[in-house]
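Please work through the following exercises with the structure in view, trying each task before reading its solution.

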Amino acid sequence: MEFGFSLPGRGPLASPDQILRLAMRAEALRYTSVFVTDHVVLPASMVRSTYPYAATGRLPGGADQDYLDPLALLAWLAHATRTIKLGTSVLVVPYRNPLVTAKILATIDRLANGRLILGMGVGWLREEFEAVAAPPFEERGEVTDEYIALMRTTWTTDPVSFEGRYYRVKDVHALPKPAQTRIPIWIGGHTDAAVHRAATIGDGWHPLALRPPGLLLPDEFATKVATFRGAAKRAGRDPDALTLSLRVGMDVRSPRQKAPGGDRALFQGTAAEVLGDIRRYADLGVSHFVFDPVVPDLKLVLANMERFAHEVRPKVGDKKKTARKAPDAKGRRRDVSPGARASR
């Protein structure tokens, strides 16, 4: 079981010194990963777009604020850290020239000595597509599929040639290649199209959960996982070789904190409650959790990192010694524990 944290690209915690403190503390506490987010510009008016992770359909926090570039931030973190994996959650694929992006990502992976994880998505903000002169918003799914194929070709062949609908290149050297044989690509999003893309061309699925309307509560998540596994099998792929990740807000409440009124939010509560939530999703196949801060306060976020590392994470392995059941395409459970896999 692996755990990481998302680093804010905007807002009160998005200053260089605070980001560095969060990343280095996560590494010192032996978290597996840190992830950065992506926007190039935030249009002053977004009335033609619907933000998919808020009930209002509007991006919280407003548009007129700093938003750090994820690729520049990853390169900086590659130098500042030594062991923790560095990821995007998620990079909006159609926004950037795919050959240039592939070159930058390969360089970052070399700088990080093979620690890159690429969360990738199709995007949702029509006005941003227009501002960066990206291909048509309505074609973003097809563009994403093609750009990912081009990037993988760029990372694995020399010289590079590619003939697609949206991009063509012939006989160019795009060096260096990444340090990893295959940079893992996790597809973000909670829609059926995202699940299918993750299962058929991704190396994993990386949805953002517990934000309406895409809540992905356990029952809904189990259904999506069954769909994911079935699509992978139909594509001739082994679903057990793909990663199921989940990004979610997390807060381990201090024993001195009073519990808030109303229903408890999943992944927010006492150490025992958060542990129970992790085990519930782990039973559905999740092997990598990425946690969002729930308050924009550096001291509180660092304290939460500490509590999880000392009070929750050591207990997760207690149950991992037992067989884990994951749903197949028909929703049936079967043993996917390491011992069961080895015996096949």
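**Exercise 1.** Find the helix that holds Leu-111, and decide whether Leu-111 is buried or exposed.

*Solution.* In this predicted model, Leu-111 belongs to helix α3, which covers residues 98-111. The relative accessible area of Leu-111 is 52%, and because exposed means over 50%, Leu-111 counts as exposed.

**Exercise 2.** Describe how helix α2 and α3 are arranged, and work out which residues make the contact.

*Solution.* Begin with the axes of α2 (residues 70-80) and α3, which come within 9 Å and cross at roughly 15 degrees. Since angles under 35 degrees count as roughly parallel, α2 is therefore roughly parallel to α3. The crossing in which α2 passes α3 is left-handed. Next, look at the residues that make the contact: α2 supplies Leu-71, Leu-74, Ala-75 and Ala-78, while α3 supplies Ile-104, Leu-105, Ile-108 and Leu-111. Sorted by class, this contact has 8 nonpolar residues, with no polar and no charged ones.

**Exercise 3.** Determine how helix α3 is oriented to helix α5, and state the classes of the residues in their contact.

*Solution.* The axes of α3 and α5 (residues 140-156) come within 9 Å, and they cross at roughly 50 degrees. That angle makes the two helices oblique to each other, and the crossing of α3 past α5 is right-handed. On the side of α3 the contact is made by Pro-98, Leu-99, Thr-101, Ala-102, Leu-105 and Ala-106, and on the side of α5 by Tyr-147, Leu-150, Met-151, Thr-154 and Trp-155. Counting by class gives 9 nonpolar and 2 polar residues, and no charged residues, in the contact of α3 with α5.

**Exercise 4.** Locate Ser-33, decide whether it is buried or exposed, and identify the partner of its side chain in a polar contact.

*Solution.* Ser-33 is found in strand β2, which spans residues 33-36. With a relative accessibility of 0%, Ser-33 is buried, because buried means under 20% relative accessible area. Its side chain makes a polar contact with the side chain of His-288, at 2.8 Å. Once its neighbours within four places in sequence are left aside, the residues in contact with Ser-33 are Phe-3, Gly-4, Phe-5, Ile-84, Lys-85 and, again, His-288.

Definitions and conventions:
Residues numbered from 1 in each chain as written. Predicted model: local features only at pLDDT ≥ 70, side-chain atom pairs only at ≥ 80, totals over all residues. Heavy atoms only, no water. Helix = DSSP H or I, 4+ residues; strand = E, 2+ residues; numbered from the N terminus. Buried < 20%, exposed > 50% of the residue type's maximum accessible area, 1.4 Å probe, protein only. Polar contact = N/O pair within 3.5 Å; in protein donor to acceptor, adjacent residues only side chain to side chain. Contact = heavy atoms within 4.5 Å. Axes fitted to C-alpha atoms, helices over the stretch in contact; angles between N-to-C directions. Parallel < 35°, antiparallel > 145°, perpendicular 65-115°, else oblique. Left-handed = near helix turned anticlockwise from the far one by under 90°. Nonpolar A, V, L, I, M, F, W, Y, C, P; charged D, E, K, R; others polar.
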